[in-house]
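Please look at the structure below.

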Amino acid sequence: MEQTLIIFKPDSVQRGIIGEVMTRFEKAGFKIVGIKMLQPGREHYHEHYEGIGSLKTRKGDEIFESTLLSMQGGPVIAMVLEGVEAVETVRKMVGSTEPKSALPGTIRGDFAHVNYSQATKAKKAVANIVHASADTKEAEQEISHWFSPDELFEYQVAYEHFTQPREAK
Ligand code: ADP
C-alpha cells in the first residue's frame, strides 16, 4: 500500500487547527502509520526542501531561505499516511501551493487565503498549513528522512475490510 508524508507546518500547529485537518484525512479512510512532534533545524529542512524537493533549484534562493526560516519558527507534526494512491489523493485534498489560488474544499483553500506577494513582502514562506509529498519517489525519500523504521507501525483499520482482496476459496 502506498505511503505519503504530511507535515503540519508551524502555522497550523500555532493556529490550533491540526485536529480539524487530520480529521479530513481520517474521514477519507487514510491510515496514520506514524506521527510525532518535532522542531528540526536548518540542516534537516535543507535536505527536505533542496536535497529531496529541489526548492532552491526550482524557485530560487530568496523563497528557499524564507521557507527554511519559516519552517524553523516552531514545532511541526510529521505524519505518514497510508492508502490507495495516497500520494496523489492527499495532494488533491491539500490543494495548490498558494492558498489564494487553492480551490474551496481543499485544505489550503479552506483554512487559509494568503498569497505569494504578501509572503514575499513579509520575507516569509506562504503560510499554507501542511506539506504533502509531491510524488511517490519524493514520498519514499521524505519518509526515510523524517522517520526511522521503528517509528512506523503496521495495524488494521476498519476501512481495509473494503479494500483488501477477497480470500481465495
Ligand atoms: P508545495 O509545498 O505545494 O509542494 P513547493 O515545493 O513549490 O510547493 O514549495 C515548498 C514551500 O515553499 C511551499 O509550500 C511554500 O510554503 C513555500 N513557497 C513556495 N513558493 C513560494 C512563493 N512564491 N512565495 C512564498 N513561499 C513559497
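Q: What makes lysine 31 count as a charge over the ring of tyrosine 155?
A: In this predicted model, the charged end of lysine 31 lies 5.3 Å from the centre of the tyrosine 155 ring. The distance cut-off is within 6 Å of the ring centre, so this distance meets it.

Q: Which ring does lysine 36 lie over, and at what distance from the ring centre?
A: Lysine 36 lies over the face of phenylalanine 147, with 4.6 Å to the ring centre.

Q: Why is the aromatic pair of tyrosine 45 and tyrosine 49 called stacked?
A: The count of aromatic pairs comes to three. For tyrosine 45 and tyrosine 49, the ring centres are 6.4 Å apart and the planes are at 25°. Centres within 6.5 Å make a pair and planes under 30 degrees apart count as stacked, so both conditions hold.

Q: Where do tyrosine 45 and tyrosine 49 lie?
A: Both lie in helix α3 (residues 42-52), four residues apart, which is about one turn of the helix.

Q: Are tyrosine 45 and tyrosine 49 buried or exposed?
A: Tyrosine 45 has a relative accessibility of 0%, and tyrosine 49 has a relative accessible area of 9%. Buried means under 20%, so tyrosine 45 and tyrosine 49 are buried.

Q: Why is the pair of tyrosine 45 and tryptophan 146 called edge-to-face?
A: The centres of these two rings are 5.8 Å apart, and the angle between the planes is 65°. The distance is within 6.5 Å and the angle is over 60 degrees, so the pair is edge-to-face.

Q: What makes this a link between distant parts of the chain?
A: Tyrosine 45 is in helix α3 and tryptophan 146 is in helix α9 (residues 136-146), 101 residues apart. Ring pairs join Tyr45, Tyr49 and Trp146 into a cluster.

Q: How do you know whether tryptophan 146 is buried or exposed?
A: Its relative accessible area is 3%, which is under 20%, so tryptophan 146 is buried.

Q: What is said of phi in serine 54?
A: Serine 54 has a positive phi of about 50°, although it is not a glycine. Most residues other than glycine have a negative phi.

Q: Why is serine 54 called partly exposed?
A: Its relative accessibility is 29%, which falls between 20% and 50%, so the label is partly exposed. Serine 54 is in the loop between α3 and α4 (55-59).

Technical notes
Residues are numbered from 1 along each chain as its sequence is written. This is a predicted model: local features need pLDDT of at least 70, side-chain atom pairs count only at pLDDT 80 or more; totals for chains, interfaces and linings use all residues. Side-chain values use heavy atoms; hydrogens and water are left out. Rings of Phe, Tyr and Trp (its six-membered ring) pair if their centres lie within 6.5 Å; planes under 30 degrees apart count as stacked, over 60 as edge-to-face and the rest as tilted. Helices (H or I, at least four residues) and strands (E, at least two) are DSSP runs, numbered from the N terminus. Buried means under 20% relative accessible area, exposed over 50%, partly exposed in between (1.4 Å probe, protein chains only). A charge sits over a ring if NZ of Lys or CZ of Arg is within 6 Å of the ring centre and within 35 degrees of the ring normal.
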